[in-house]
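Dear colleague,

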Amino acid sequence: MAQLKPGVVTGKDYLTLVAAAKAGGYALPAVNVSSSSTINAVLEAAAKNQADVIIQLSNGGAQFYAGQGMKDSFKAKVLGAVSAALHTHLLAEHYGVCVVLHTDHANKGLIPWVDALLDHGEAYFKQYGKPLFSSHMLDLSEESMEFNLDECARVLKRMAPLNMSLEIELGVTGGEEDGIGSELEESADNSHLYTQPEDVLQAYDRLSPIGHFSVAASFGNVHGVYKPGNVQLRPEILKNSQALIEKQHKTAAKPLNLVFHGGSGSEKDKITEAVSYGVFKMNIDTDLQFAYSEAIGKFVTENPKAFLYQVDPETDKPYKKFYDPRKYLRLAEQNMVARLNEAFEDLGSKGKSLAL
Ligand SMILES: [Zn+2]
């Protein structure tokens, strides 16, 4: 088994990590973070499970990281992502696991965000000889195929010299995340939620000569957790896409690096099936947001007076040990770690860290 230095992995090491996951039949959870507390919880969970992990920021998560009080919200989205990346670069190696640093959905309006992150990435590369992020995502699935691939090609040309990878989206992931995505239509045919293998082939033809990329293909997956029954997961779409590229380009098995968006609330057998078709990354956000908040809600419910009084008006008991934010944020982190234990288990990546 290949071994890597612990810490943020980029370039060749990133490719090794992806290849090992696909060959080993497992995938890494990609966790949306928005604070140092959530980043640390992900690192803790990865270390505990001896598993490698993907840390990613949406534009909203990045903005929150910089502070929602920052006047220039675009600047906050850029600097928040940079700040979270620097935090992770500094700490990840000390947790003893490999970490992929990534940014989530950028639609047409957020292309300038990705370009600004690449400005920072190029400056960082000049100084340290490696990129700031392992990869970025462009989600132009709501635009024409031509615009989608033209922009992906342009951005990948900027990223390839930095040894970065690009995640693209073909077909529309249902549900909404940070205002990006489309509404689920109840009982509509939802055929736009399924990627066509021919589109994947077109993307492969266009992008593989330029650099490394991965594909978020839609197979009925949705962002968020909804009542079951609205959309049917059809992982065979992933299998058919792999088979088409294999045939057309005479490649080895599973030439595509596939990404599963909207992993929260998915049936376990569909997760396993999707991973077997070359999914190396599964995004999980909603379930972890709930785990984090659930622990805080429980603590407040059990200790209501500590959140009303600094000192109990009847017993004179001081409540500082309860309302100190570290107390309940730690409980939130621990519950997030517990939910992540399950994710590593489901994705088969527990105990599979490549870190030395
Ligand atoms: Zn997504």
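**Notes on the model**

Just after helix α2, Q50 takes a positive phi of about 45°. The model is a predicted one, and that angle should be read as a computed value from it.

Helix α2 itself covers residues 36-48, which makes 13 residues. From its first C-alpha to its last, α2 reaches 18 Å, close to the 18 Å expected at 1.5 Å a residue. The buried residues of α2 are S37, T38, I39, A41, V42, L43, A45 and A46. As a general point, an α-helix has 3.6 residues a turn, so residues three or four places apart point the same way.

Next, the metal site. Which residues coordinate the zinc ion? They are H105 and H223, each through NE2, and H261 through ND1, at 1.9 to 2.1 Å. Along the chain these donors follow the spacing H-x117-H-x37-H. H105 sits in the loop between β4 (98-103) and α5 (111-128), while H261 sits in the loop between β10 (258-260) and α9 (268-276), so this pair ties together parts that are 156 residues apart in sequence. H105 counts as buried because its relative accessibility is 3%, under the 20% cut-off. H261, at 1% relative accessibility, counts as buried too.

Then the largest pocket. Its volume is about 510 Å³. The lining of this pocket comprises 30 residues, and N32, S34, D285, T286 and Q289 lie nearest the centre. By class, the lining has 18 polar, seven nonpolar and five charged residues. Where in the fold does the lining come from? At least two residues each are supplied by α3 (59-66), β7 (175-177), β11 (279-284) and α10 (286-302). Of the elements, α10 gives the most to the lining, with five residues.

Last, the protein as a whole. The protein has 12 helices and 11 strands. Its radius of gyration is 21 Å, close to the 21 Å that the globule rule gives for 356 residues, so the protein is as compact as a globular protein of that length. The C-alpha trace spans about 75 × 55 × 45 Å along the principal axes. Buried residues make up 54% of the 356 residues.

Regards

Notes:
Residues are numbered from 1 along each chain as its sequence is written. This is a predicted model: local features need pLDDT of at least 70, side-chain atom pairs count only at pLDDT 80 or more; totals for chains, interfaces and linings use all residues. Side-chain values use heavy atoms; hydrogens and water are left out. Donors are N, O and S atoms within 2.8 Å of the metal (3.2 Å for Na, K and Ca); water is not among the atoms, so sites may look incomplete. Helices (H or I, at least four residues) and strands (E, at least two) are DSSP runs, numbered from the N terminus. Buried means under 20% relative accessible area, exposed over 50%, partly exposed in between (1.4 Å probe, protein chains only). On a 1 Å grid over the protein atoms alone, a cavity is a set of points where a 1.4 Å probe fits but cannot get out, and a pocket is an open set with protein on both sides within 12 Å along at least five of seven lines; lining residues have an atom within 4 Å of a point. Grid points are joined across faces, edges and corners, and a volume is the space filled by probe spheres set on the points. Ala, Val, Leu, Ile, Met, Phe, Trp, Tyr, Cys and Pro count as nonpolar, Asp, Glu, Lys and Arg as charged, and the others, Gly among them, as polar. The expected span of a helix is 1.5 Å times one less than its number of residues. The radius of gyration is taken over C-alpha atoms; the globule rule is 2.2 Å times the number of residues to the power 0.38.
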